[in-house]
Amino acid sequence: MDWKDETGQYSVTTNPALTGLLGRCPRCQRGHLFASYLTLARHCDVCGLDYSFADPADGPAFFAMSIVAVPALAFALWLQLAFDPPIWVHGLVTLPVTVVACILLLRPLKGWLVCSQFFHKAQEGRIDAEWHASQAERRAGHQAPQVRDRL
C-alpha cells in the first residue's frame with residue numbers, strides 16, 4: 001500500500017480512531033506519532049507533518065479514568081464481597097490494577113485525540129470581533145418597546 005495516491009497527495013486517514021490507536025501519522029498513516037510512550041514526536045518521520053497543531057490536553061487522562069472507573073469499581077466490589085479482605089489488600093491489588101489500566105489506555109487515547117484534531121481540522125478558539133460588533137450595533141438600533149401600564 002502506497003502512502004501517496006495517484007496525484008502525489010498523501011493518503012489522509014478516514015478513520016482517525018484506528019490511526020490514532022495504532023500511533024500512526026494522520027496524514028500518511030505510515031509515520032510514527034510518538035517519540036516515546038506518551039511524548040508526541042515533533043514531526044512525522046515519513047511525510048514530515050508538523051505535530052505542533054496537536055494539543056490533547058487532559059483529554060486522554062479524563063477518558064482513561066472514565067473508562068477504567070466502572071470495571072475497577074466492579075472488581076473492588078467483587079473482591080470485597082467474595083473474599084472480605086482487609087482494606088490494605090485493596091491497596092495492594094485494586095489500586096495497582098486501576099493505575100496500570102489507566103496508564104495502558106493513555107497512549108492509544110492520546111493518539112486518537114491527536115488524529116481526530118487533524119482529521120476535523122480543530123483549532124484554538126478565537127473571538128470573532130466583527131460578529132460581536134455587528135450584534136452590538138443591531139441591539140443598539142432596536143430599542144426595546146415601551147411597556148404600557150395596564151390597569
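This report describes the nonpolar cores and the aromatic ring pairs of a predicted model.

**Nonpolar cores**

The largest nonpolar core holds 14 residues, and those touching the most other members are Cys25, Leu33, Leu40, Cys44, Cys47, Leu49 and Tyr51. For Cys25, once neighbours within four places in sequence are set aside, the contacts are Thr19, Gly31, Cys44, Cys47, Leu49 and Tyr51. Apart from this core there is a second, separate one of six residues, among them Ala64, Val68, Cys102 and Leu109.

**Aromatic pairs**

The model contains five aromatic pairs, and two of them are set out below.

| Pair | Centre-to-centre distance | Angle between planes | Class |
|---|---|---|---|
| Phe53 and Phe118 | 5.7 Å | 50° | tilted |
| Trp78 and Phe83 | 5.4 Å | 90° | edge-to-face |

In the tilted pair of Phe53 and Phe118, Phe53 belongs to the loop between helix H1 (16-21) and helix H2 (59-83), while Phe118 belongs to helix H4 (residues 94-119), so the pair ties together parts that are 65 residues apart in sequence. Phe53 has a relative accessibility of 29% and therefore counts as partly exposed, since that class lies between the 20% limit for buried and the 50% limit for exposed residues.

The planes of Trp78 and Phe83 stand at 90°, which is why this pair is classed as edge-to-face. Trp78, at 47% relative accessibility, counts as partly exposed, whereas Phe83, with a relative accessible area of 55%, is exposed.

Ring pairs also join Phe62, Phe63 and Trp112 into a cluster.

Methods
Residues are numbered from 1 along each chain as its sequence is written. This is a predicted model: local features need pLDDT of at least 70, side-chain atom pairs count only at pLDDT 80 or more; totals for chains, interfaces and linings use all residues. Side-chain values use heavy atoms; hydrogens and water are left out. A nonpolar core is a set of buried Ala, Val, Leu, Ile, Met, Phe, Trp, Tyr and Cys residues joined through side-chain atoms within 4.5 Å. Buried means under 20% relative accessible area, exposed over 50%, partly exposed in between (1.4 Å probe, protein chains only). Contact means heavy atoms within 4.5 Å. Rings of Phe, Tyr and Trp (its six-membered ring) pair if their centres lie within 6.5 Å; planes under 30 degrees apart count as stacked, over 60 as edge-to-face and the rest as tilted. Helices (H or I, at least four residues) and strands (E, at least two) are DSSP runs, numbered from the N terminus.
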